[in-house]
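Hi there,

Here is the structure I promised to pass on. Have a look at it first, and then read on for what turned up.

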Amino acid sequence: MQKILGMLIVTIVLAAGSAVQPIVNAIAPAPSINTGVNSGGTIGTGEATNPHPAQYGPVDQNAPLDYSTQPKSVPRTYVPGKLYNVEVLKSYDYAGVVGQMAYFTQALGVECQYCHVLSNLAYDTPTKRIARTMIIMVARIQSEHIDSIHKQFPNFAVNGAVGCETCHRGAPLHPVQYNIVPVQYLDWPAKSSRQEGFVVNSMYSVSKSLGVNCLFCHNTADFVTLQYYPTNQIAHRMWKMVDDINHKYLPPNIEAVTCYTCHHGEKWPSKLVAGGLDETPVQAKANYPAVHENPGVHPASGGP
Amino acid sequence: MADLPFESVYRKRGNTLFASILGGADPFDFWAGPFYVGLFGVIAMLAIVVGVATLFIAVGQYGDWDLWRANIPSPGRQYGLGGAPFLQGGAWQIVVICATISFFAWMLREVDICRKLEMGFHIPAMYGLAVSAWVVLQILRPLVMGCWCEGFDLSFTGHLTWVSNTGFRYMNFYANPFHAWAVLGFFLTAMVLAMHGGAILGTYNTDKDPNVEMRREDSFWRDYVGYSIGEYGIHRLGFYLAVFTLIMSDLCIFTSGPLVTDWVQFWHPF
Amino acid sequence: MATIISKLPELPEPLEDAEPNDLDNNDALGIRVGIPFRLELLRDFKIDTQVGTIWLGTWGVVSAFAFGIGLLVTLLAGLDQAGGSFLILVKYYANLNTAPPDGLGLAHSLRGGGYWQIITLFWAISTLAWAGRCFERLRRHKWRPYLLFAWLSAIFLTACIWVFHPLIIGSWADAPALGLNSDLQWAQNFSVLWGNLYYNPFHQLAIFFLFGSTMLWGMHGATILATSSEGSHHEDAEIKNLTSGSQKAMLFWRWTMGFNAFPKSIHDWLWWFAVGVVLSSGLGILSTGVITNNWYAWGVDHGTVKQYGEMTRSFINQRPQPMPPMSQAPAGYIPAPGK
């Protein structure tokens, strides 16, 4: 009897002892690499947090957006009810432009003065230039990346398209969590097990960003050669999309976009829109939810 | 195989579990060659025969006879805790039932043998712990998780794939503290085993007097590491190390799934 | 009804050992140090109560010094990582990570792998010196060198992991870093990088020996404990002359599984299983990257593993690509290597 009691006590003490660290961490969480690269400093407070500005942004050079001075079409006296200095939204009428503006304020949780000079709404501002990039980016993400993925994997398509709110989620800066490495670090074979640690950390970030475990994309019998499962292929494409966003469209001094930005802990981002700049919110729904379970792995090992 | 020279002195009928619980004599209280039979031996043998036969039939039906690759998979998720058709998991269920019966019967047979030889029951207790690992993995945890699919496939490399996938299902199994304790237990056990084996193999028959040999052992260990645990103590140490390791192993897999689904997050809950 | 707990064995011999000192081999440090005392608490656990003396010896002193220096450098490196704060060192001890350098040469700086190299060097000296101590003491006490071979096998394994494998692969970075979480992560990364070590046949053998060792210890320990009331734990005596304890032990196994070991031969089983663990593991580490760079693919090709799906074979047995330059990494994510 004493022996059993003794063994029980040992086990309980060990279990309790093993629980000390997580409790301590809950009270005073350790700064982990998974919670933000540049913690502290936003564009509003003027602290430059990204020491590698060339990596992210500047504003896309291909779009005709580079104004160093006010454009000629902005008049000295602004006439309300008329449109001036409209570039990307050229095809919209007045009501359409105002509707878009209303959507921006709601999706970004900002007021008009965040982008506009209120006495002359046509004046160009840096945030306006960024907004133009963003509009182009949304359209390009959807057409170049996501639509082509849907075409290749029709069973994995989800109703809805990305919109401003998908990334911004009601805040002027997108939420940053769970960092990932640029896609060239995913090239195999890795040169060392230390480098491979960067990949592993990214994989953990992806898992938490999508709220899934490793088996969603992988058959862990071999991570290296068994990349046949569709979620794996889709993830490759998504990764290139994220790299694209970070390299081409993101303004300088902005924290990098990661999987979490859109997915926010869900397999299918919840804040989608009907299409492009249409602000109609759409409930994300997979057309074939069952296919998202990895059949390459025996159900005994479970799905997400 | 001939009996050991002193064996006849010990081969006595009676003193079995059957006799003490049900009264009367165990109908199978005899030896077959060197093996003790006993009621539990018969039960074990029946279960083994049925289980192995099912194994062979199933492997034949699946088609792959290779010793490493042959695989009897557990049922799919859709069957939950119910039965499954033979080739879709039913074979697995039958083999697991037979194996479990045979393990328990084997353990009780060991108890019988201990009773006959009037020795302590440490061996069946230890064996029971080992069986508990099987029971936790194939029966208890699937019951708690609500699905026989949670048991591992019966296959050489197949069960390794199961281990790999189950480990990654919980993100990083190395972060499971019970797993860490169990691994420590395994490595310590191996080290202490090498030390004990080396001690006896180093000193046996080096002197006429066994007390001198024992003192030589004690002297060496005191010189080498400052402490000699003694010939009784080392067996206590080894036994309880093995017990500790197995208990930690049981806990490490039983908590994965029912209690914790992400062992990395376990350390950073919020 | 047999008892479950056997009788308490007699007290061991008196506290003084055979010779108080051991200056018979021209070793200036060859003395037994410490005052032996009895730790009565241990009696409750039914193990020997005498603690001490310990033999110094030149080998032992060298080993202890090298270990101590290594430990000191480990703490220094940890303090360095913790920014000089001992409090942070204690709180984040699990995350401390003293990493090896890339490539095969000397590290360019302390933080860029120098600490790791210094610590590894001193701890290698320490383990080798301990082997020397083992050899010398075995000789003195006239033991057969089984213990030495076991220790050398363990050194072999650690050398494979920390030295031979990096040398073969061409980079120290493939060796584990020093640190709790980073060591665990190394084990994870190593397996993922090399195509899942479960399919490495040496690894399989090593696990067989490891689990077998635990089973054998459980069984041997249980057997002796169960029969110790009849003296089976006096194994040296039993090897010369079987008494009822060992007879029962042997008969138990004979009746259970049809065959049995003997008081001496069981220790052969134990020793070979234990040494088999480290030898197989060492071979497994050595063969990784040499026989194949992807054990799953190797398994599929040699018929031991099922092919679970279409395989991308372009990575297999190719030379590794050079790592992209660190300057392109987003700062703050990947720790700067040589700063």
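Among contacts in chain C between residues at least 6 apart in sequence, what percentage join residues at least 24 apart? The figure is 61%. Please keep in mind that this is a predicted model.

Chain C has 339 residues, and 46% of them are buried. Its secondary structure consists of 11 helices and 4 strands.

Chain C also touches chain B: 83 residues of chain C are in contact with 73 residues of chain B. On the chain B side, the elements that each supply at least two residues include helix 4 (90–117), helix 5 (122–145) and strand 2 (35–36). Helix 7 of chain B gives the largest share of that side, with 14 residues. Sorted by class, the side of chain B that touches chain C has 37 nonpolar, 22 polar and 14 charged residues.

Phe104(A), Ala107(A) and Leu108(A) are buried in helix 2 of chain A. Seen down the helix axis, these buried residues fall within an arc of 80°, so they line one face of the helix. They pack against helix 4 (164–168) of chain A. Tyr94(A), Ala95(A), Val98(A) and Ala102(A), on the other side of helix 2, are exposed. Just after helix 2 of chain A comes Gly109(A), with a positive phi of about 65°.

Best wishes

Notes
Residues numbered from 1 in each chain as written. Chains lettered and ligands numbered in written order. Predicted model: local features only at pLDDT ≥ 70, side-chain atom pairs only at ≥ 80, totals over all residues. Contact = placed C-beta atoms within 7 Å. Nonpolar A, V, L, I, M, F, W, Y, C, P; charged D, E, K, R; others polar. Buried ≥ 20, exposed ≤ 12 C-beta atoms within 10 Å, placed from the backbone. Arc of directions from axis to C-beta.
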